[in-house]
Amino acid sequence: MRSRERYAERMAMPWLGWPAVIACAVIAAALSNMGDLRWWRVTASVLIFAAPLVGAWWMGRVPVRVVETDDEVWLHVDDAKLPMSVVSDVEVLDRTAYADALRVALHPLAFVVQRPWISRGVRIVLDDPQDPTPYWVVSSRNPEGLREALTASREREAV
């Protein structure tokens, strides 16, 4: 089986976000210790300092990929996989539409992969009678590129 990657991105936090995370970690560690240098307080301070850093890295490790195999195009978002054969529409969401899609317009059964530092994304509407999920909302720094990668196979088949 042959496969190739059409699109790939990671939802990593931008470099400008890291100073804020480090500042919060330093303040939390300092407040937890308050100058007491007993070993258990120092250990707790080190763990409290490391927790926000590890959390920010963990949130940014999520990959978004579009992979084309011999017979199908698949969307991979972290461990979740979606074949394009069950997709009826892919919609690019600008800042306002994306914010609305995550708040007032969000369906309770929707699959959402979102990061607070990314303000745009796509809505992928599903047409699968056996799946109760109506659509996916996925954050993307380049939603137009993601949409093109997802819909290129359908446009080729229509021609």
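Predicted model: local features only at pLDDT ≥ 70, side-chain atom pairs only at ≥ 80, totals over all residues.

Modeller: A residue is called buried under 20% relative accessible area and exposed over 50%, with partly exposed in between. On that scale, Asp 78 is partly exposed, because its relative accessible area is 29%. This residue is found in the loop between E3 and E4, and its phi is near 55°, a positive value in a residue other than glycine.

The overall fold comes first. The chain contains four helices and eight strands, and from the N terminus on these elements follow the order β-α-α-β-β-β-β-α-β-β-β-α. The radius of gyration is 20 Å, well over the 15 Å that the globule rule gives for 159 residues, so the chain is more spread out than a compact globule. The C-alpha trace spans about 70 × 40 × 30 Å along its principal axes. Of the 159 residues, 36% count as buried. Among contacts with a separation of 6 or more, 66% join residues 24 or more positions apart.

In soluble globular proteins, nonpolar side chains tend to be buried together. Here the largest nonpolar core has 24 residues, and Leu 75, Ile 124 and Trp 136 are those with the most contacts inside it. At least two residues of this core come from each of strands E2 (63-69), E3 (73-77), E4 (80-83), E5 (87-93), E7 (121-126) and E8 (135-139), and likewise from helix H4 (143-158). There is also a second, separate core of six residues, including Tyr 98, Ala 101, Ala 110 and Tyr 135.

Beyond its neighbours within four places in sequence, Ile 124 is in contact with Leu 75, Leu 82, Val 87, Asp 89, Val 90, Pro 134, Tyr 135, Trp 136, Val 138 and Leu 150.

Trp 136 is another of the residues with the most contacts inside the largest core. Residues up to four places away in sequence again being set aside, Trp 136 touches Leu 75, Val 77, Ala 80, Lys 81, Leu 82, Phe 111, Val 122, Arg 123, Ile 124 and Leu 126. The list includes Lys 81 and Arg 123 alongside Leu 75 and Ile 124.

Two further residues complete the picture. Ser 45 lies in helix H2 (residues 39-59) and is buried, because its relative accessible area is 8%. Apart from neighbours within four places in sequence, Ser 45 is in contact with Ala 29, Ser 32 and Asn 33. Asp 71, by contrast, is exposed, because its relative accessible area is 65%. Asp 71 is found in the loop between E2 and E3; Arg 141 is 70 residues away from Asp 71 in sequence and 28 Å away in space, C-alpha to C-alpha.

As for the surface, the chain exposes about 9700 Å², of which carbon and sulfur atoms supply 61%. There are 18 positive and 20 negative side chains, and the centres of the two sets lie 9 Å apart.

Key:
Residues numbered from 1 in each chain as written. Heavy atoms only, no water. Core = buried A, V, L, I, M, F, W, Y, C linked by side-chain atoms within 4.5 Å. Buried < 20%, exposed > 50% of the residue type's maximum accessible area, 1.4 Å probe, protein only. Contact = heavy atoms within 4.5 Å. Rg over C-alpha atoms; globule rule 2.2 N^0.38 Å. Areas by Shrake-Rupley, 256 points an atom, 1.4 Å probe, with all protein chains shown as cover. Lys, Arg positive; Asp, Glu negative; His and termini not counted. Charge placed at Lys NZ, Arg CZ, Asp CG, Glu CD.
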